Amino acid sequence: MDNEVYSFALKSALDEIRNICPDITNTFIFKENGEIIIGDEATPEKTMAQVVDAFDGVFEKANAIGNIECITVDGNNGKVNISCLNDLYFVTVTSKKADINYVNTVTHVLIPTILRLLEKICPAPLNNTSILPETKPETKLDLQAETEEPEPLTETKEEDKIEEPEEKETEIKSEPLLPEPQTHQLMVENLGGLLAPSDTVRIDSVILSQWEDQYEGRKIEEIEIETFDGKSTRCKVKPIKNAKYEGKGTIQMPEKIQETLEIKKGELVRAKPVIE
Amino acid sequence: MVKKKKDSQEITTLTEPIATEEAISTNDLRTNLEEIKTWDGVIGYILRNTTSAAIDLNDPTKIIDYAILSSSALEASEELSKLFNLGKIKNIIVEGKETKVLSLTVGENRISIFLEKQADYEKILKKLQ
């Protein structure tokens, strides 16, 4: 629900900015680890991912200039501006006739204000994960089927409360309400070596713990990976061993899985736990 | 024997003007950059083309980081140009909390100038374009 509110508020703000300044052709927001937070209607997710990927090298060496505050790319037909707002990067693409002062006034006031407001209302979604509208997970129907049951269950629960309290407990336990899987956007890194199994990916132990917490300590052994082109696969998952990749929003993936998904190192994928 | 000599002269005559033009262009740029380097707030520059590179930075320990950063920025700008149809890239400015980098391409030369946060890059752009 929080994600929905965030998504709606930010997406509306981005779309509204484009209404106010028609010379803004594209806007989106991403995190330093490459995770895309939200984009306007005009910008495909794949384009956002390509932009983030293009600046990977710049962000890697940004320490040398005291981290990125702003990047401006000035072309003959338009401009791209990337501004840092707290831990987020706000991208605006403008046509060549755009009044940059006006654009900056609107974007640099409106977006920070909305982000501050959202942070005050509920800080969790921006800290945790992407709030891009998720593609419908395959397990959703099953979940809905499960969530349809509880209504009569709650009624009987009230009735049986005095007479058979033990039975009620077992009924609830047998049909738990599983929360919707939390999706993470991760950047693909190669996973090789003689001992590396070809059916297992590695992701941050923090993400695994988050999922395990979400599902009350259930061990996450499989995840579903989806590309921005809509290709998806299931595979086993283990925590990242190499400290170099920890906490960077990456997913280490064997070549075989990369081939299956038709992706390569540096591209973004969505990952969510498989709960059965 | 005489014929061989003639051939070699012809080749020399053909290649010389092109080499000279390139040299002049790059040399001019380098002269301009050396002048810019003396301006207030300018930390240094990197000038690269297909055959040579010139680097002048106040802090030599940062050469590698600055070189990777500037080439990444130029490559990223080319990618952005393709994605958003920006046309020819005039320049790219990467601003950090301490330093900013102005990168641009002049002919076949890729230039990156490193500036202190408050330095004015407009004046530099005028000088180089």
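User: What joins strand 3 of chain B to strand 4 of chain B?

Analyst: A hairpin with two residues between the strands. Strand 3 of chain B spans residues 89-96 and strand 4 of chain B residues 99-106; the elements are DSSP runs numbered from the N terminus (strands E, at least two residues; helices H or I, at least four). This is a predicted model, in which local features need pLDDT of at least 70 and side-chain atom pairs count only at pLDDT 80 or more, while totals for chains, interfaces and linings use all residues. Residues are numbered from 1 along each chain as its sequence is written, chains are lettered from A and ligands numbered from 1 in the order in which they are written.

User: How many bridges join strand 3 of chain B to strand 4 of chain B?

Analyst: Four, and the strands run antiparallel. Pairing takes at least two DSSP bridges, so with four bridges these strands pair. B:Ile92 stands opposite B:Ser103.

User: What joins strand 4 of chain B to strand 5 of chain B?

Analyst: Eight bridges, again in an antiparallel arrangement. Strand 5 of chain B covers residues 109-116, and B:Ile111 in this strand faces B:Leu104. These two strands also form a hairpin with two residues between them; B:Gly107 in the turn has a positive phi of about 60°.

User: Why is strand 4 of chain B called largely enclosed?

Analyst: Six of its eight residues are buried, so the rest of the structure largely encloses strand 4 of chain B. Buried means 20 or more other C-beta atoms within 10 Å of the residue's own, exposed 12 or fewer, partly exposed in between, with C-beta atoms placed from the backbone.

User: Which residues of helix 4 of chain A are buried, and what puts them on the same side?

Analyst: A:Thr107, A:Ile111 and A:Leu115 are buried in helix 4 of chain A. They share a side of this helix because they cover an arc of only 35° around the axis, taken from the directions from the helix axis to the C-beta atoms. The face turned away from that buried side carries exposed residues, including A:Tyr102, A:Thr105, A:Val109 and A:Arg116.

User: What span does helix 4 of chain A reach, and what is expected?

Analyst: Helix 4 of chain A (residues 100-121) reaches 31 Å from first C-alpha to last, close to the expected 32 Å. The expected span is 1.5 Å times one less than the number of residues, here 22.

User: How many residues of chain A are in contact with chain B?

Analyst: 27 residues of chain A are in contact with 31 of chain B, contact being C-beta atoms, placed from the backbone, within 7 Å. Strand 3 of chain A gives the most to the side of chain A that touches chain B, with eight residues.

Notes:
Contact = placed C-beta atoms within 7 Å.
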